[in-house]
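Student: I have a structure to go through and would like to take it piece by piece. Could we begin with the strands and then turn to a helix?

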Amino acid sequence: MQVSIACTEQNLRSRSSEDRLCGPRPGPGGGNGGLVDGGHGNPPGGGGSGPKARAAVVPRPPAPAGALRESTGRGTGMKYRNLGKSGLRVSCLGLGTWVTFGSQISDETAEDVLTVAYEHGVNLFDTAEVYAAGKAERTLGNILKSKGWRAETERGLSRKHIIEGLRGSLERLQLGYVDIVFANRSDPNSPMEEIVRAMTYVINQGLALYWGTSRWGAAEIMEAYSMARQFNLIPPVCEQAEHHLFQREKVEMQLPELYHKIGVGSVTWSPLACGLITSKYDGRVSDTCRVTIKGYQWHKDKVQSEDGKKQQAKVMDLLPIAHQLGCTVAQLAIAWCLRSEGVSSVLLGVSSAEQLVEHLGALQVLSQLTPQTVIEIDGLLGNKPHPKK
């Protein structure tokens, strides 16, 4: 047997903390993928003892004919390419161990060589059982273990990252399984069949019970569903999408159709537009606001932009309606999100227990959102999406 190890943690190490926190911020459905877990519980039928196993539509751009997608590593300059038509990304220069490891060079020299390769972005290491009668494998294994390098990619939706990323999450969560794992952002570098097969695998292995998508386009979700049906695999059950008073098109126009056609529900996030809808900024940015946190300059720019100021003005226009209903603007905005068709859950982000209690009060406001009230809100916002002709 000859094996190759794609040990790609250097992608994680070379990125700055700001990159890890925010990363690129393309619109819904763009950028690279990753994993998000949600929920946990006891395994079906397993009782409570023992370990717990617990978005307009734009198709994915096709890869150029005969071309290998290539990217350059941050800080190393190493170039990475897809391995054939799979989603696995490997360095264009790898390191073999034939003749050298366990034979021609000492273990200390082998460690120096491997370290230099790793620090220069090499992520592909090749060995075989016949190299130095197995000693090459032992030498390589000992070095990898002592270095603590994880064979885990940081992002993307290759089979490798889906499986290893989820296992890493479970280890950190100290859980046997999660109820649902989300493919966060679509990944044009990974074939859809590979993604769906990998998600089916982790479910069949008991690492997750369901899978969903996050910030995917409607066409991509339909592609995944069709792929699952074609090959008797497991389709996604929901899409996680941004939705608030100023971000409406996808959740209100595109996802309901998917809900009725293939049963894909919605879990929405940022109901208060990162705090903008609470009107706490009101044209000012205090030192304690989220926008002052490192990595959130994009949000500060948005709040202070012309569009941001217009949105803050509209939030103030909603105050009379909130007062009439006996609630805060935040509660009104969250209840407004909950009334959307096909929305299963709205994710809340809070910085204190008191804030959470306030936001949970949106449940009492939901029953007061009459059709007339919703029409009044739409009139003030002036941004209700309409079907395209």
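Student: How many bridges join strand S10 to S11, and do they run parallel or antiparallel?

Tutor: This is a predicted model. In it, 5 bridges join S10 (residues 238-242) to S11, and the two strands run parallel. Glu242 stands opposite Trp269 of S11.

Student: Which helix makes a β-α-β unit with S10 and S11?

Tutor: That is helix H9, residues 249-262. The unit formed by S10, H9 and S11 is right-handed.

Student: What does S11 pair with besides that, and in which sense?

Tutor: S11 also pairs with strand S12 (residues 343-346), in the parallel sense and over 3 bridges. Val267 has Ser345 in S12 as its bridge partner.

Student: Changing topic to helix H16: which of its residues are buried?

Tutor: In H16 (residues 371-381), the buried residues are Thr373, Val374, Ile377, Asp378 and Leu381. Viewed down the helix axis, they fall within an arc of 140 degrees, so they line one face of H16.

Student: And which exposed residues does the face turned away carry?

Tutor: That face of H16 carries Gln372, Ile375 and Gly379, which are exposed.

Student: What covers the buried residues of H16?

Tutor: The cover includes helices H11 (306-317), H12 (319-325) and H13 (329-338).

Student: Which residues is Ile377 in contact with, leaving aside neighbours within four places in sequence?

Tutor: Ile377 is in contact with Leu245, Leu318, Ile321, Leu332, Trp336 and Leu369.

Student: Which residues touch the most other members of the largest nonpolar core?

Tutor: That core has 60 residues, and those touching the most other members are Trp211, Trp216, Leu245, Ile277, Leu332 and Ile377. Helix H13 gives the most to this core, with 8 residues. A second, separate core has 17 residues, including Ala110, Val122, Ala136 and Leu140.

Student: What comes just after H16?

Tutor: Gly382 does, and it takes a positive phi of about 65 degrees.

Terms used
Residues numbered from 1 in each chain as written. Predicted model: local features only at pLDDT ≥ 70, side-chain atom pairs only at ≥ 80, totals over all residues. Heavy atoms only, no water. Buried < 20%, exposed > 50% of the residue type's maximum accessible area, 1.4 Å probe, protein only. Helix = DSSP H or I, 4+ residues; strand = E, 2+ residues; numbered from the N terminus. Arc of directions from axis to C-beta. Contact = heavy atoms within 4.5 Å. Pairing = 2+ DSSP bridges. Right-handed = clockwise from strand over helix to strand, strands pointing away. Core = buried A, V, L, I, M, F, W, Y, C linked by side-chain atoms within 4.5 Å.
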